[in-house]
Amino acid sequence: MLSTVQNPRFLLRQCRHFPPKRRRFHSSTPLFLSQPQTLASTDLSSSPPQSQILTIRDNLLNRRTTAVELAQLALTRLRITEPQIHSFISVSETVLREAEEIDGKIARNEELGPLAGVFVGVKDNICTADMPSTGGSRILENYRPPFDATAVKRVKDCGGIVVGKTNLDEFGMGSTTEGSAFQVTANPWDVSRVPGGSSGGSAAAVSARQCVVSLGSDTGGSVRQPASFCGVVGLKPTYGRVSRFGLMAYASSLDVIGCFGSSVADTGILLHAIAGYDRLDSTSSKHEVPNYTSQFMSISSLESKPLKGLRVGLIRETLDDGVDKAVVSSIVGAASHLEELGCTVTEVSLPSFSLGLPAYYILASSESSSNLSRYDGVRYGSQVGADRLNSLYGDSRAKGFGPEVKMRILMGTYALSAGYYDAYYKRAQQVRTLVQKSFKAALNENDILISPAAPSPAYSIGEKKNDPLAMYAGDIMTVNVNLAGLPALVLPCGFVEGGPAGLPVGLQMIGAAFDEEKLLKVGHIFEQMLKGYKFIPPLLADGIAC
Amino acid sequence: MASILFRGVQTRPFLLYPSALFGRKSGVLYCTIKGTQTQTAAPENKQPQLKVSPQTKAKGLDKISQDYEAIIGIETHVQLATLTKAFCCCPYNYGSQPNTCICPICMGLPGTLPVLNSKVIEFAVKVGLALNSKLSLNSKFDRKQYFYPDLPKGYQISQFDIPIASGGYVDLDLPVEFGGGHRRFGITRVHMEEDAGKLLHSGNGSYSQVDLNRAGVPLLEIVSEPDMRSGIEAAEYAAELQRLVRYLGVSNGNMQEGSLRCDVNVSVRPIGQLEFGTKVEIKNLNSFSAMNRAIDFEISRQVSLHSQGQSDQIVQETRLWEEGGQKTVTMRKKEGLSDYRYFPEPDLPEVILTEDYVDSICSSLPELPELKRRRYEKMGLSMQDVLFLANDVNVAGFFDATIGKGADVKLAANWIMGDIAAYMKNEKLSINEIKLTPQELAELIASIKGGTISGKIGKEILFELIAKGGTVKGLIEEKDLVQIVDPAEIEKMVDKVLVENPKQLEQYRGGKTKLQGYFAGQVMKASKGKANPGLLNKILLEKLNAKS
């Protein structure tokens with residue numbers, strides 16, 4: 001099994017130690033090299049993305065609109081777009097009632113939570129009380145948890161309205177959202193393409209403006225890769241920054257709940273709402289939560305070189321053979337944009353980079369084989385009647401799980417078996433330590449690291465469905481970050497050709513542990529100063545207000 | 001919430017052949033409850049069991065068994081008496097209605113995570129220290145994976161390669177009636193884990209129901225070295241563990257409720273052979289006496305097979321102790337080693353103990369049974385007394401408090417082991433439930449010793465104190481029971497009795513000296529039992545013999 005996964009050489013050259021090479025970007029590389037002609041129709045003078053959350057708050061407080069009006073508008077948009085996108089597995093029935101409550105609060109001049117009236121999509125592997133939470137699996141069809149996940153509870157406490165549960169690859173295992181037991185979600189930029197995964201529903205919903213922000217989960221890139229594919233901002237926080245309580249476990253030591261938004265500011269506001277220690281999750285951190293929202297300055301107050309002195313390391317292994325040329329160009333363009341903003345960009349090498357992918361698939365599969373043992377048909381979820389205990393287990397699980405999940409359970413069970421543990425699980429843990437060390441070294445020299453979020457833009461639905469190894473290889477840019485437990489922000493930085501209006505490309509910024517603040521600050525400035533792009537999918541071009 | 005879940009479980013009875021129960025790879029269901037109330041080894045072991053079974057009645061077995069030696073090792077599961085379960089906030093009370101002590105976490109619902117109860121660590125450290133073992137300052141939890149309906153997560157949170165404590169020993173004294181003697185048995189390891197739920201099988205065996213009340217209750221697994229050689233040694237080892245956990249207050253150690261469960265491994269080898277024989281595991285041992293009898297039966301069975309040249313019939317298997325038939329029977333043969341696919345539990349951080357923490361627990365440990373026994377021995381008590389008093393932590397505490405109030409050691413021991421123990425046994429009370437306080441027992445002993453009351457009256461007062469409470473002084477005053485020690489007063493009473501019984505006096509003086517007892521009785525009666533017997537007899541004798 002290892003031999004087939006461990007050969008990412010077709011993607012990346014073998015790790016080599018070489019000294020970081022200084023390279024000036026904006027002199028040699030024209031900015032926005034890959035700017036496709038399809039963008040010609042887009043308004044080049046369009047303004048940078050604004051925080052929808054702050055706009056909603058302002059409108060509500062100044063009585064320009066009501067939460068109910070906003071909700072009705074959003075539901076209408078959902079009704080129009082959903083038949084094409086299929087981002088939601090279920091939609092809440094209490095949206096209007098919750099909006100009315102917020103209007104009541106406004107009428108009584110009561111204090112409003114920071115997410116009051118904000119439509120939030122929640123990935124369906126995150127538990128919501130009395131709403132279906134299936135994890136995208138047949139085995140949990142119609143399952144309704146008796147409790148809210150901590151992240152969901154905090155969103156609700158801040159006034160957020162959970163609009164529905166978004167589609168995903170079954171239990172988060174996949175990179176296309178085709179692995180859902182219920183439906184295939186389309187990419188709003190080109191409905192013949194996948195939205196990425198596993199949080200494809202959450203990314204597509206924000207991209208299609210079906211909700212303002214959404215929660216996803218990221219075990220090996222499941223927030224960042226779909227953010228890149230759908231042209232939205234995706235944030236994977238540091239492991240332990242957000243409580244995992246209520247997140248259906250895939251790989252416990254890698255899982256983290258992440259945020260999607262159409263702007264860096266919205267993503268940061270959502271993170272601020274859900275971050276922090278939770279006594280129900282002993283792996284959640286007591287590290288102080290800074291005020292992520294205080295730094296989103298308006299464009300007018302920024303100086304000409306607002307990121308002066310920031311050291312940025314471009315991970316050279318992420319630009320190697322096997323990565324789409326146009327994606328490389330976009331990232332190089334983004335690097336030069338950062339230089340124009342005052343950053344010093346150098347290339348850094350992460351020698352253990354290529355080892356991360358096989359190590360990730362061993363660790364994640366091993367943990368998932370254990371975490372998914374609880375779905376046995378005995379206490380909840382689908383049960384296949386049988387007159388022997390082993391048949392009850394076997395049949396319930398055979399019928400309840402999809403092929404990808406079964407494959408990973410088998411791989412993980414194998415890797416943990418007596419006699420193989422040392423060669424697989426233990427070895428992978430050693431690789432994990434190496435990856436952590438090489439990131440630490442690189443982040444000692446640099447404030448942030450940058451790379452593409454995915455080696456390619458969104459590909460066609462069905463393209464990699466029967467080629468799991470090709471799909472796994474697409475996770476190369478993101479899995480190392482999970483192994484190291486670091487925070488990473490993905491934000492759209494350019495377009496490549498494809499689809500009716502081009503396909504967005506995401507830039508990944510990786511920071512030191514618990515340094516989300518810096519990522520959000522840099523990301524915000526990058527986004528506000530990136531002229532000439534509007535990351536609104538063509539689907540919405542006609543008439544739907546954003 | 002609980003009721004919803006309860007319904008969820010109840011409405012999903014699944015079919016299960018009784019044989020499936022035996023397919024389980026770990027643990028056993030301790031649901032058979034035997035009627036005997038006795039929980040301590042010593043009283044039960046008073047009738048020594050014969051090492052004889054129907055198969056091995058052959059003459060000369062004793063002689064044969066001298067050529068063999070039994071090797072016994074014990075795995076003990078101790079349920080910790082924490083207020084809440086190991087990884088969630090559910091309280092656990094033995095005997096609650098099925099599925100009433102459960103929450104999403106101990107039900108293993110999707111998205112739930114374990115959070116360690118710090119008391120589990122504290123109790124484990126206490127037991128580790130009490131067993132003289134080496135604590136691992138850095139240990140961790142692991143997942144032990146297998147499928148069974150009483151295991152909600154599909155894995156048990158346990159400790160695999162780094163137990164919280166390892167290497168250690170227990171010291172104990174065998175009961176005098178079994179020949180006595182001091183023993184030290186090695187402890188291999190102590191680790192923390194969670195208990196599983198229980199299956200309730202329907203009457204006709206067509207389905208089973210799951211009760212998850214016990215799921216997630218903290219356990220300590222204590223593994224002994226294979227140091228025991230006989231049933232009584234094994235039973236006493238288990239009894240000492242029970243004493244230890246009760247002294248420490250970490251468990252009620254109740255075998256009938258399954259709070260203390262022993263799985264015993266027995267093998268036999270010819271004396272002089274270095275390799276161990278094939279080991280057999282015995283389960284369903286609900287009392288120390290059952291342990292003793294089951295092991296001795298199993299030793300006989302194996303020795304008999306050995307001596308008949310049929311040692312190949314001893315196979316690695318799990319046998320069940322049948323209380324009715326007083327024998328062990330095959331429960332299941334081992335089908336190769338099971339692979340539990342242990343790996344570190346990613347939901348829980350490592351367990352890191354600081355030296356300070358360990359020191360603070362170490363200094364808070366109570367006096368443990370072995371130290372107590374050695375101290376009592378030094379006080380001059382007999383081994384029988386020592387074992388009796390130190391057996392029960394509450395009795396020992398009562399005794400210590402009594403002598404702490406200055407009571408004579410031997411007298412205090414006698415009162416507790418005699419009349420007080422008899423009363424408790426009759427009324428089925430523990431020493432904490434009787435009304436007598438150590439203070440008053442000490443007072444009583446002092447009053448008798450000091451002559452304020454007679455021993456006879458002391459006994460009467462004792463039962464009053466046990467049943468109703470009150471103080472010795474109060475009772476003496478209230479009932480006017482102070483002993484008459486004034487010779488003049490006694491003399492008056494003697495004179496009166498002699499005057500009233502001229503006939504008997506004449507007979508006495510005629511040589512019928514046995515009548516002294518009659519006179520003494522009369523005087524005692526006249527004094528309402530309060531006359532000091534020594535003085536009374538002395539004066540009486542003087543008077544009787546005065547004119548002869």
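Colleague: In which sense do strands β9 and β10 of chain B pair, and over how many bridges?
Modeller: In this predicted model, β9 covers residues 198-201 of chain B and β10 covers residues 207-211. L199(B) stands opposite V210(B) in β10(B). The pairing of the two strands is antiparallel, over four bridges.

Colleague: Which residue in the hairpin of β9(B) and β10(B) takes a positive phi?
Modeller: The hairpin has five residues between the strands. The positive phi there is near 75 degrees, and the residue is G205(B).

Colleague: What span does helix α13 of chain A reach from its first C-alpha to its last?
Modeller: The helix runs over residues 422-445 and has 24 residues. At 1.5 Å a residue, 34 Å is expected. The span in the model is close to that, at 34 Å.

Colleague: Which residues of α13(A) are buried?
Modeller: Buried here means that 20 or more other C-beta atoms lie within 10 Å of the residue's own. By that cut-off the buried residues are Y424(A), Y425(A), A428(A), V431(A), R432(A), V435(A), S438(A), F439(A) and L443(A).

Colleague: What percentage of residues 397-544 of chain B is helix?
Modeller: UniProt, in an unreviewed entry, places "domain: Asn/Gln amidotransferase" at these residues. The end C-alpha atoms of the span lie 50 Å apart.

Colleague: Which element gives the most to the side of chain B that touches chain A?
Modeller: The contact takes 35 residues from chain B and 40 residues from chain A. On the chain B side, α1, β1 and β5 each supply at least two residues. With three residues, the element that gives the most is α1(B).

Conventions: Residues are numbered from 1 along each chain as its sequence is written. Chains are lettered from A and ligands numbered from 1 in the order in which they are written. This is a predicted model: local features need pLDDT of at least 70, side-chain atom pairs count only at pLDDT 80 or more; totals for chains, interfaces and linings use all residues. The expected span of a helix is 1.5 Å times one less than its number of residues. A residue is buried if 20 or more other C-beta atoms lie within 10 Å of its own, exposed if 12 or fewer, and partly exposed in between; C-beta atoms are placed from the backbone. Two strands pair if DSSP finds at least two bridges between them. UniProt positions are given in the numbering used here, feature names are shortened, and annotations may be inferred rather than shown by experiment. Two residues are in contact if their C-beta atoms, placed from the backbone, lie within 7 Å.
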